[in-house]
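The sequence and structure are shown first.

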Amino acid sequence: MTEGPKRVEKSLHISQDVVAQIITNSVAEIEGVYGIAPVMKTPRQIWLRQESFGNIRIGLVDDVLSVSIGIILESGAKAVNTAEEIQEKVKSSVQTMLGLTVAKVNVTVCGVHFEE
């Protein structure tokens, strides 16, 4: 009795923090962006001393990501052009680094940073 090739199941689990860090790094490279809009840390994040990546929400359904990002623009930046550049950069970075399909990237302008 001969045995055929054994099948090895493979799986990869990627933390949402890893995806958030890739998104944060991508957004930081875009001209006209002051930063990701901050959010209050949850008590759990404070207790566990987890990093907060700001206003980033990630949804995953059947290996397809949807991303929502709240940003703060630099004064004088063109909101539509900047948002479109963020969408392209985030989608490209996540797909290249993680091999996951990004269905949509929603960008919300939460504020504008003015120099004092």
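## An exposed phenylalanine and its patch

In this predicted model, F114 has a relative accessible area of 55% and is classed as exposed, because the threshold for that class is over 50%. F114 lies in the segment after strand 4 (101-113).

## The salt bridge

The model holds 1 salt bridge. E29 and K89 form this contact through their side chains, with an N to O distance of 2.8 Å. The pair connects distant parts of the chain, the two residues being 60 residues apart. E29 sits in the loop between helix 1 (16-28) and strand 1 (33-36), whereas K89 belongs to helix 3 (residues 79-98). In general, side chains of opposite charge can pair when their charged atoms come close.

K89, at 29% relative accessibility, counts as partly exposed.

## Negative charge on the surface

A surface patch of negative charge is formed by E31, E84, E85 and E88. Of its members, E88 is located in helix 3, the helix that also contains K89.

The relative accessible area of E88 is 59%, so E88 is exposed.

Methods
Residues numbered from 1 in each chain as written. Predicted model: local features only at pLDDT ≥ 70, side-chain atom pairs only at ≥ 80, totals over all residues. Heavy atoms only, no water. Salt bridge = Lys/Arg side-chain N within 4 Å of Asp/Glu carboxyl O. Helix = DSSP H or I, 4+ residues; strand = E, 2+ residues; numbered from the N terminus. Buried < 20%, exposed > 50% of the residue type's maximum accessible area, 1.4 Å probe, protein only. Patch = residues over 30% accessible without salt bridge, like charges linked within 9 Å, V, L, I, M, F, W, Y side chains within 5 Å. Areas by Shrake-Rupley, 256 points an atom, 1.4 Å probe, with all protein chains shown as cover. Lys, Arg positive; Asp, Glu negative; His and termini not counted. Charge placed at Lys NZ, Arg CZ, Asp CG, Glu CD.
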